[in-house]
Amino acid sequence: MRIGVLTGGGDCPGLNAVIRAIVRRGVQSHGYEFVGFRDGWRGPLENLAVRLDVPAVRGILPRGGTVLGSSRTNPLRVDGGVRRVRENLDRHGVDALIAIGGEDTLGVAAELGRAGVRVVGVPKTIDNDLDGTDYTFGFDTAVNICTEAIDRLHTTAESHRRVLVVEVMGRHTGWIALHAGVAGGANVILVPEHPFDLDRVCGWVENRFKINYAPIVVVAEGAVPADGGMVTKDDSRDAFGHVRLSGIGEWLAGEIERRTGKEARTTVLGHIQRGGTPTAADRWLATRFGLHAVDAVRDGAFGTMVALRGTDIVRAPLEAATARVKTVDLALYEEFGVFFG
Ligand code: F6P
């Protein structure tokens, strides 16, 4: 059996741990061979393949990023893309493919599965918004990075009696904002799922000054004011049709300063959240996903992705897992209302 492996979408701490576990399990337990495809779906589309054996994965467990490279290439948007992918898989004698990615990469995997490609998915995203799995690897690392940043920002906010706005990632969902905001003791947390009222936010900010504390406002990049639209970087879109976000933090600080008269500054954490070494929890989850993905291939469970349910690794249909994003529901968000203001 020869298995192709690719990593698509934004890089994510733990990708290398998955790749290592796949290769170690496949080679040592089953005698499988592997082909690495470079840069997500661009690899099988443009025939960019690399050697992927046990020596190639030595030492990569704690490394961030992905040794296979990544991109947001979408073969479904390229003329003859599906045919080219299939031809290149055949050229390398690939019997099955393991695609490691988020909603976009796995959405392509689901579509190729319908076209007859034997594919198993591994869910990846720092945003933790993939349906069908309790958690994705990378999320814990991102939350820890954001929490540490918020801890550090508290001291400047208090010393200078400033409002500090922290913009974190989260295009459709506020999982990072909520977890890091709660862990870091923020007193305003804004998530894309629940449009915010600016007057209410300013009220919370003013309250905080009244009790002699300085406010930390955590805002997900996709958060929107109730009476406005999403703030985007520019009009460009990627191959999956997503706009480039970032800017809501700056906008919010400007509005808060104008309305409350308090100095407000913004820190945008950006790709720092995805960079560097994964936490132990992410290495653990990524390793388990990798081991189970190979078992799914062995069992012929194509069209599924491995997923975490409680403490078990299960298999979820790719189609269902990519049909919608997993959002922060209002009841969970409101659990933390006591800390706002
Ligand atoms: O999907 C993960 C993610 O980090 C999102 O939170 C963010 O909106 C997006 O990727 C940014 O992508 P890029 O690095 O391609 O700009």
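## Basis of the model

The structure is a predicted model in which local features need pLDDT of at least 70 and side-chain atom pairs count only at pLDDT 80 or more, whereas totals for chains, interfaces and linings use all residues. Residues are numbered from 1 along each chain as its sequence is written, and side-chain values use heavy atoms, with hydrogens and water left out.

## The sheet

An open sheet is formed by 7 strands in the order β3-β2-β1-β4-β5-β12-β13, with mixed pairing. Strands are DSSP runs of E with at least two residues, and helices are runs of H or I with at least four, numbered from the N terminus; two strands pair if DSSP finds at least two bridges between them. At the edges stand β3 (49–51) and β13 (312–317), each of which pairs on one side only. Neighbouring strands are turned by 30 degrees against each other on average, direction ignored; axes are lines fitted to C-alpha atoms, for helices over the stretch in contact, and angles run from 0 to 180 degrees between N-to-C directions.

Strands β4 and β5 pair in the parallel sense over 5 bridges, and leucine 97 stands opposite valine 119 in β5. By contrast, β12 (residues 304–309) and β13 are antiparallel, over 6 bridges; there, leucine 308 has isoleucine 313 of β13 as its bridge partner.

## Cover on the sheet

Helix α9 (residues 280–298) packs on the sheet and touches β1, β4, β5, β12 and β13, where contact means heavy atoms within 4.5 Å. Its direction makes about 140 degrees with that of β12. Helix α1 (residues 15–30) lies across β1, β2, β4 and β5, running at about 160 degrees to β4.

In β5, 5 of its 5 residues are buried (under 20% relative accessible area; exposed is over 50%, partly exposed in between; 1.4 Å probe, protein chains only). Val119, Gly121 and Pro123 lie on one side, and Val120 and Val122 on the other.

## The ligand site

Residues around the ligand (a heavy atom within 4 Å) include Arg72, Ile126, Asp127, Glu221, His271 and Arg274. For histidine 271, a side-chain N or O atom is 2.7 Å from an oxygen atom of the ligand.

## Alanine 149

Alanine 149 is found in helix α5 (residues 139–160) and is buried, with a relative accessible area of 16%. Alanine 149 and leucine 332 are 183 residues apart in sequence and 23 Å apart in space, C-alpha to C-alpha.

Methods. A polar contact is a pair of N or O atoms within 3.5 Å; within protein, one must be able to donate a hydrogen and the other to accept it, and residues adjacent in sequence count only if both atoms are side-chain atoms.
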